[in-house]
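Let's take a friendly walk through this protein together. Have the structure open beside the text, and follow along one contact at a time.

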Amino acid sequence: MQRKLLILGCVFGMLAVILGAFGAHGLKVVLTEESLTSYETGVRYQFYHAFLALIIANTSFFTDKTKNIVFWMLLVGVLLFSGSIYLLTTSAITGVSIKSFGFVTPIGGVFLILAWLVLILNILKMNKK
């Protein structure tokens, strides 16, 4: 499980750098300020959860079962949350319109929140030392 979380964190981090640079340099001239701000939110949340995956991978106090649950919640959450933001904000230049699927953004957010909740609940169950 450690390897999967490390790979997830690295891939999310690498893609966040690429997408962030693309947004700052390539999209700055073609997107509205509002769209660019939304796009940057997608990148920022992707980065946060890349770091979370890397941290969780390197902890010994979460079980593999917990790490597996968090892995899938982060994967689905970032794909739905950040991915939908990327598609929604760039639809004017890509021609890909997912406005009718805009509801997936908050669903992705719920998966990210649940990943954090799983961690919190597991920490609360730990024996106090």
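**Starting from one threonine**

Setting aside its neighbours within four places in sequence, Thr-66 is in contact with Val-118, Leu-119 and Asn-122. Thr-66 itself sits in helix H3. Is Thr-66 buried or exposed? Its relative accessibility is 5%, so Thr-66 counts as buried. Please keep in mind that this is a predicted model.

Now step back for the whole chain. The protein chain has five helices and zero strands, and reading along the sequence gives the pattern α-α-α-α-α. Its C-alpha atoms fill a box of roughly 55 × 25 × 20 Å, taken along the principal axes. Of the 129 residues, 39% count as buried. Among contacts with a separation of 6 or more, 80% are between residues 24 or more positions apart.

Let's return to Leu-119, one of the partners of Thr-66. Not counting residues up to four places away in sequence, Leu-119 touches Leu-52, Ile-56, Phe-62, Thr-66 and Val-70. Leu-119 also belongs to the largest nonpolar core, which has 20 residues. Leu-5, Leu-8, Ile-56, Val-70, Leu-74 and Leu-119 are the residues with the most contacts inside that core. Helix H1 (2–27), H2, H3 and helix H5 (104–125) each supply at least two of the core's residues. Which helix gives the most to this core? H3 does, with seven residues. Apart from this core lies another, of seven residues, including Leu-27, Leu-36, Val-43 and Tyr-86. As a general background, nonpolar side chains tend to be buried together in soluble globular proteins.

Next, look at how the helices pack. Two packed helices are described by the angle between their axes and the distance between the axes. The axes of helix H2 (residues 33–57) and helix H3 (residues 64–89) come within 9 Å and cross at roughly 165°. That angle makes H2 roughly antiparallel to H3, and H2 passes H3 in a left-handed crossing. On the H2 side, the contact includes Tyr-39, Val-43, His-49, Leu-52 and Ile-56; on the H3 side, the residues include Lys-67, Leu-74, Val-78, Phe-81 and Tyr-86. By class, the residues of the contact of H2 with H3 divide into 12 nonpolar, seven polar and one charged.

H3 has another partner in H1. These two helices pack at an angle of about 15°, with their axes 10 Å apart. H1 and H3 are therefore roughly parallel to each other, and H1 passes H3 in a left-handed crossing. From H1, Lys-4, Leu-5, Leu-8, Phe-12 and Leu-19 take part. They meet Lys-67, Asn-68, Phe-71, Trp-72, Leu-74, Leu-75, Val-78 and Tyr-86 in H3. The contact of H1 with H3 has 10 nonpolar, one polar and two charged residues.

Finally, visit Arg-3, which is found in H1. With 65% relative accessibility, Arg-3 counts as exposed. How many residues lie between Arg-3 and Ala-115 along the chain, and what separates their C-alpha atoms? They are 112 residues apart along the chain, and their C-alpha atoms are separated by 18 Å.

Terms used
Residues numbered from 1 in each chain as written. Predicted model: local features only at pLDDT ≥ 70, side-chain atom pairs only at ≥ 80, totals over all residues. Heavy atoms only, no water. Axes fitted to C-alpha atoms, helices over the stretch in contact; angles between N-to-C directions. Helix = DSSP H or I, 4+ residues; strand = E, 2+ residues; numbered from the N terminus. Parallel < 35°, antiparallel > 145°, perpendicular 65-115°, else oblique. Left-handed = near helix turned anticlockwise from the far one by under 90°. Contact = heavy atoms within 4.5 Å. Nonpolar A, V, L, I, M, F, W, Y, C, P; charged D, E, K, R; others polar. Core = buried A, V, L, I, M, F, W, Y, C linked by side-chain atoms within 4.5 Å. Buried < 20%, exposed > 50% of the residue type's maximum accessible area, 1.4 Å probe, protein only.
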